[in-house]
Amino acid sequence: MSGSTLILIALAGIFLLLFLVIRTKLHAFVSLLLVSLIVGVAAGMPLGDVIASIQNGMGGTLGFVAVVVGLGAMFGKMLEVSGGAERLAQTLVSKFGEDKAQWALGITGFIVAVPVFFDVGFIILVPIVYGLAKKTGRSLLYYGIPLLAGLAVTHSFIPPTPGPIAVANLIGADLGWVILFGVLAGIPSMILAGPVFGKYIAKKIHVTIPDYMEFEEIDTSKELPSFKMILSLILIPLVLILANTLSAVLLDEGNAVRDFLTFLGHPFVALTIATLLTFVFLGTRRGYSRDEVQEIATKALEPAGIIILVTGAGGVFKQVLIDSGVGDVLGEMMAGSPLPAIVLAFLIATVVRVAQGSATVSMVTAAGLITPLLEIQNITGAALGLIVIAIASGATVLSHVNDSGFWLVNRYFGLDVKDTLKSWTIMETIIGLTGFAVVFLISLFII
């Protein structure tokens with residue numbers, strides 16, 4: 001087939017994917033698989049090869065993502081049930097003081113969202129926001145926006161959260177670089193979208209605890225795990241993964257120390273260590289039986305399973321694009337664009353995000369489309385880490401009524417749609433634009 005025909009097939013596939021997800025409400029996992037089948041057949045692939053591409057795409061993606069997301073979900077669930085998130089919040093608010101509680105909540109969200117899913121972290125910690133707002137008489141947004149910003153930044157930028165894990169796997173980026181650039185982009189994003197914007201928007205929109213929310217202040221007298229223990233458990237996998245990446249830069253190949261750090265810092269090993277430690281220190285040593293710990297771990301895999309399957313289907317879509325030849329044509333077309341790869345990655349993710357709402361679907365779709373260009377331009381190493389954050393930034397901006405996070409905030413803060421757009425949507429956009437600006441500036445020296 002001609003290149004223009006393959007491009008039309010790819011565009012038709014993307015529009016069909018958006019139609020299925022938005023209009024027919026077909027689950028993203030099924031939609032991605034169906035579109036992959038249709039694109040493969042339409043591109044003239046032998047039927048047996050289409051099936052082989054689906055199998056290879058799913059297997060190649062899940063071989064990594066399923067392990068990392070599954071372990072991360074168990075780790076996060078133990079932190080949730082043990083009261084670890086509350087401990088972080090209480091300690092930081094106490095240390096910072098009531099006047100600087102915004103900063104404490106932003107930092108809490110930033111740390112908690114490393115192992116805990118965004119919506120779970122928000123639901124766990126929102127009583128602290130309610131309590132502070134009730135005590136001081138300030139708008140809920142004064143404290144709520146910084147917490148949301150911290151959670152949203154880490155959820156989008158820093159592994160082992162599912163989004164950056166999925167994109168890193170699909171484009172072949174090293175997680176150490178993703179963590180490093182995610183932190184560098186995430187800190188200014190959290191500051192601007194959190195305490196700075198939160199202070200501004202709270203003066204414009206004053207909201208109190210909704211009447212329909214049953215608010216019970218967190219019991220500060222109950223025994224919680226120590227702050228140092230929780231912080232250490234969260235940092236262990238991040239430090240090990242970063243040590244792996246830095247050892248590859250600083251030490252020669254074949255060096256025994258490098259080999260050891262490479263093994264210890266592989267996400268499989270690092271997260272297994274961290275998860276086992278949470279089972280012990282947040283589980284059995286805090287009075288949970290082994291059966292209860294097992295039940296908690298099993299429960300954690302329920303929400304993780306959906307994310308794993310959607311990510312796997314994203315891998316299928318990418319593989320079909322490559323095997324059908326569509327990917328090469330797309331890559332060559334984008335290579336002819338005057339825009340750098342990092343800008344194209346951001347723009348593709350943004351368009352899909354605005355159209356269908358899901359950050360995860362936006363990320364995996366953008367990763368699948370940009371991969372051929374990265375191969376043509378031979379973008380490797382640290383530069384791939386920057387591309388991951390650019391995609392994550394595009395998949396964060398302009399959250400609106402088709403995003404579940406929009407309605408979560410709308411309900412818990414008792415906002416109308418207009419005020420949710422003014423607060424949550426702008427906060428998300430600040431995060432995405434700031435994150436992209438940081439990695440774009442870094443890319444000027446790396447790519």
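Rings of Phe, Tyr and Trp (its six-membered ring) pair if their centres lie within 6.5 Å; planes under 30 degrees apart count as stacked, over 60 as edge-to-face and the rest as tilted. The model is predicted, so local features need pLDDT of at least 70 and side-chain atom pairs pLDDT 80 or more, while totals for chains, interfaces and linings use all residues. Residues are numbered from 1 along each chain as its sequence is written, and side-chain values use heavy atoms, without hydrogens and water.

**Exercise 1. Aromatic pairs**

Task: How many aromatic pairs does a search of the whole structure find?

Solution: 
- Step 1. The whole-structure search returns 10 aromatic pairs.
- Step 2. Helices (H or I, at least four residues) are DSSP runs, numbered from the N terminus.
- Step 3. Check burial. Buried means under 20% relative accessible area, exposed over 50%, partly exposed in between (1.4 Å probe, protein chains only). Phe122 is buried, at 0%. Phe413 is buried, at 0%.
- Step 4. Ring pairs join Phe122, Tyr412 and Phe413 into a cluster.

**Exercise 2. Another ring pair**

Task: Which kind of pair do the rings of Phe406 and Trp407 form? Are Phe406 and Trp407 buried or partly exposed?

Solution: 
- Step 1. The ring centres of Phe406 and Trp407 are 5.0 Å apart and the planes stand at 75°, so the pair is edge-to-face.
- Step 2. Phe406 has 0% relative accessibility and counts as buried.
- Step 3. Trp407 has 38% and counts as partly exposed.

**Exercise 3. Surface patches**

Task: Which residues form the positive patch, and which form the nonpolar patch?

Solution: 
- Step 1. Set the rule. Patch residues have over 30% relative accessible area and no salt bridge; like charges are joined within 9 Å, nonpolar side chains (Val, Leu, Ile, Met, Phe, Trp, Tyr) within 5 Å. A salt bridge is a side-chain nitrogen of Lys or Arg within 4 Å of a carboxyl oxygen of Asp or Glu.
- Step 2. The positive patch consists of Arg138, Lys199, Lys203 and Lys204. Lys199 is in helix α9 (residues 175-204) and is partly exposed at 45%.
- Step 3. The nonpolar patch consists of Leu34, Leu37, Ile38 and Ile51, with about 310 Å² of accessible area together. Its largest share, 3 residues, comes from helix α2 (residues 28-42).
- Step 4. Take one member. Leu34 is in helix α2 and is partly exposed at 34%.

**Exercise 4. Backbone exceptions**

Task: Where is the cis peptide bond, and what is the phi of Lys25 and of Leu398?

Solution: 
- Step 1. Recall the background. Most residues other than glycine have a negative phi, and most peptide bonds are trans.
- Step 2. The bond from Pro159 to Pro160 is cis, with omega near 15°. Pro160 is in the loop between α7 (140-157) and α8 (162-171).
- Step 3. Lys25 has a positive phi, near 60°. Lys25 is in the loop between α1 (3-22) and α2 and is exposed at 64%.
- Step 4. Leu398 has a positive phi, near 55°. Leu398 is in the loop between α17 (382-394) and α18 and is partly exposed at 37%.

Definitions and conventions:
Areas by Shrake-Rupley, 256 points an atom, 1.4 Å probe, with all protein chains shown as cover. Lys, Arg positive; Asp, Glu negative; His and termini not counted. Charge placed at Lys NZ, Arg CZ, Asp CG, Glu CD. Helix = DSSP H or I, 4+ residues; strand = E, 2+ residues; numbered from the N terminus.
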